[in-house]
Amino acid sequence: MNEKKPCDLLISGDVVLPMTSGLPELADSAVAVVDGAIAEVGTAADLRTRWEPGDEIRGGVVLPGLVNTHGHAGMTLYRGLGDDMPLEKWLHEFVWPAEKLFATEENVAAGTQLAIAEMLASGTTCFADMYFFQQRVGDVASACGIRTLLGQAVIGFPVPGCPTPEHAFEKVRALHERFAGNPLVDTSMALHAVYTLTPELLARGAEVADGLGIPLQIHVSETETEVRNCRDEHGLTPPALLNRTGVLRRGTICAHGVHLTEDDVALVRESGAGVSLNPESNLKLASGIPDIAGLLAAGIPLGLGTDGAASNNDLDMWDSVRLTALLPKGVTRDPEVVPAGAAVRLATAGGAAVLGMADRVGRLAPGMRADLCVIDTDAAHLTPLYHALSHLAYATHGSDVIHTVVDGRVVYRDRVHTTLDLESTKNEVRRIAAKIAVGV
Ligand SMILES: [Zn+2]
């Protein structure tokens, strides 16, 4: 006799995309979740004979939640305030002065909560952060039920909450201790860049992170100016300098990598570091276009990111997916160079690997944590549906996400947040923005 087992949640879809190697698009399928982990993936009819769900959600396409591998969540406060500038001018004349005045712990918490609301509503289940007040960010992320890799920003000059880099190193240690054992929060150290830290501080950061066994994040070769100045000052490209200081190593998350030489690509590959591609931010800041096809062909671990909302200007990872599939085609004039499925893979399994979470998230398979999103395909722009991967790469928007699940918890259901009050979150940011508008 066939006794059904209880499961906490059953997520079914017209198509399920496990994003595991070898498993294609599964029609009329489902995912059973027990204790926050995926218990089984298979046809919905099959799963219903074996599982008695305590809760159910359904939709058009079910896939792993998107992993945003680079950003500054608290910067939603500056969304749309300073556009159409190159990175250097934007940082010196706009971002850093504004942060000096307004990046208080309370404001960063409010901006982060808004970022999380936006990410959950567009299918992102995990984000890497590089910013200030990371203990508070970890608390907000935990309360909202999103997975995060915290990255306390380490910069060679006084920044909000950290008068010196040594203070920042102390904060990283404290973060590591505070969130040890938290199933949703990992800790990293976010060294800002080669142009804001001396080689000594880079080496010191690598040593502290090594002692804690945590990954490093760093902006790398984002602009031509960064590369030129690094060569002038140190006689090395940014990756070569990071290699010499011990920063470039397995697990390091190199954000951008827009201007990498052939030697740089070889160095990064040998080091085992990953690259977070942020093509939309690179376009907006006129930094250039990363060689996505070349990095992919080199076998470097790649993930996608949005960067902060002040340089994107939204946190919709579907734009990153689309640009990742489109830009290399335009640059190489080869339509096969980054197929739709490869771009979606970078946003899910690829990103999870770059953040050191490949054993937990990024694929729908038994034993993995249940982080996933569900797309509502009942929309004019998603009709008809032949190939789910095609729609995901070329036609889907964040607003097509109908449910989002993190660690087995439905945190966004029928397009409504279950862990945060969106109206009060927006109102709090509007209140802060009114002050920013007159203060900048
Ligand atoms: Zn950045």
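**Helix 5 and the chain around it**

Visitor: What covers the buried residues of helix 5?

Guide: The cover includes helix 4 (134-144), strand 9 (147-154), strand 10 (185-191) and helix 6 (199-212), where contact means heavy atoms within 4.5 Å and helices (H or I, at least four residues) and strands (E, at least two) are DSSP runs numbered from the N terminus. This is a predicted model, in which local features need pLDDT of at least 70 and side-chain atom pairs count only at pLDDT 80 or more, while totals for chains, interfaces and linings use all residues. Residues are numbered from 1 along each chain as its sequence is written, and side-chain values use heavy atoms, with hydrogens and water left out.

Visitor: And which residues in helix 5 are buried?

Guide: Pro165, Ala168, Phe169, Val172 and Leu175 are buried, meaning under 20% relative accessible area with a 1.4 Å probe and protein chains only. Seen down the axis of helix 5, the buried residues fall within an arc of 120 degrees (taken from the directions from the helix axis to the C-beta atoms), so they line one face of the helix.

Visitor: Switching to the chain, how many helices and strands are there?

Guide: The chain has 15 helices and 18 strands, and buried residues make up 60% of its 440 residues.

Visitor: What about contacts between residues at least 6 apart in sequence?

Guide: Of those contacts in the chain, 72% join residues at least 24 apart.

Visitor: And what does the C-alpha trace span?

Guide: Along its principal axes, the C-alpha trace of the chain spans about 75 × 45 × 45 Å.

How values were computed: Buried < 20%, exposed > 50% of the residue type's maximum accessible area, 1.4 Å probe, protein only.
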